[in-house]
Amino acid sequence: MQRMGLPLGRAPDEALLSGLTTGDPEISVAFVRRFQRTVFGVAIAVVGDPQLAEDIAQQTFERAWRHAQVYDSRRGSVKTWLTTIAHNLAIDAVRARRASPVAPEDLDTLLDIVTDTPEQRALADETADRIRTAVAALPREQARALVMAGIYGMTAQQIADFEHIPLGTAKTRIRTAMGKLRTTLSAEGTVRP
């Protein structure tokens, strides 16, 4: 970096991330400036609220600062790591704010939209792409049950009531979808079996 003759603006992402742990304010500013638009873009794409997106962006950088030492470049770039943190924080914020859940009848529309959003483009994470592909390959009723349970936090009973199916069928769809997802991702080496 600058002390080594390299201006902070041209320092590699990994070097800036490592520099965060030193507490050097110049490195911190350079790091935030480099990624603030990307992180904010991911947050606003998920939450749709600029104020909340700013809060999520701040939390993302705080989390990066606290966990910079556990970053592993073999699992993805610094940008991917940051956008994943921002995405997860934004999803948590949406879940926490959700006073009125999204109507499950809108799931088919949402499943189609999710395949091409600014969030997805920003998160060019190979693992996330594999998961989306694996979910999309599931039979529609299993994918719906999995998304209702995993994304919308619905219980098996709520899914059964909404889908007008027996509780056992709802549980089977969730369990079967999870099993297929695990098998597919294990075969690709994305997750451990």
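How are helix 1 and helix 2 oriented to each other? In this predicted model, helix 1 spans residues 13-20 and helix 2 spans residues 25-47. The two elements pack at an angle of about 135 degrees, and their axes lie 9 Å apart. Angles over 145 degrees count as roughly antiparallel and those of 65 to 115 as roughly perpendicular, with oblique as the class for the rest; helix 1 and helix 2 are therefore oblique to each other. Their crossing is left-handed.

The contact between these helices involves residues from both partners. Helix 1 contributes Asp13, Leu16, Leu17, Gly19 and Leu20, while Ile27, Ser28, Ala30, Phe31, Arg34 and Phe35 are the residues that helix 2 brings to the contact. Classified by type, the residues of this contact comprise seven nonpolar, two polar and two charged.

The wider chain is described by its secondary structure, its contacts and its surface. The protein chain holds ten helices and zero strands, and its order along the sequence reads α-α-α-α-α-α-α-α-α-α. Among contacts in the protein chain with a separation of 6 or more, 58% are between residues 24 or more positions apart. The chain has 193 residues, of which 36% count as buried. Its accessible surface amounts to about 11500 Å², and carbon and sulfur atoms account for 54% of that area.

Key. Residues are numbered from 1 along each chain as its sequence is written. This is a predicted model: local features need pLDDT of at least 70, side-chain atom pairs count only at pLDDT 80 or more; totals for chains, interfaces and linings use all residues. Side-chain values use heavy atoms; hydrogens and water are left out. Axes are lines fitted to C-alpha atoms, for helices over the stretch in contact, and angles run from 0 to 180 degrees between N-to-C directions. Helices (H or I, at least four residues) and strands (E, at least two) are DSSP runs, numbered from the N terminus. Angles under 35 degrees count as roughly parallel, over 145 as roughly antiparallel, 65 to 115 as roughly perpendicular and the rest as oblique. A crossing is left-handed if the near helix is turned anticlockwise from the far one by less than a right angle, and right-handed if clockwise. Contact means heavy atoms within 4.5 Å. Ala, Val, Leu, Ile, Met, Phe, Trp, Tyr, Cys and Pro count as nonpolar, Asp, Glu, Lys and Arg as charged, and the others, Gly among them, as polar. Buried means under 20% relative accessible area, exposed over 50%, partly exposed in between (1.4 Å probe, protein chains only). Accessible areas come from the Shrake-Rupley method with a 1.4 Å probe; for residues, only the protein chains shown count as cover.
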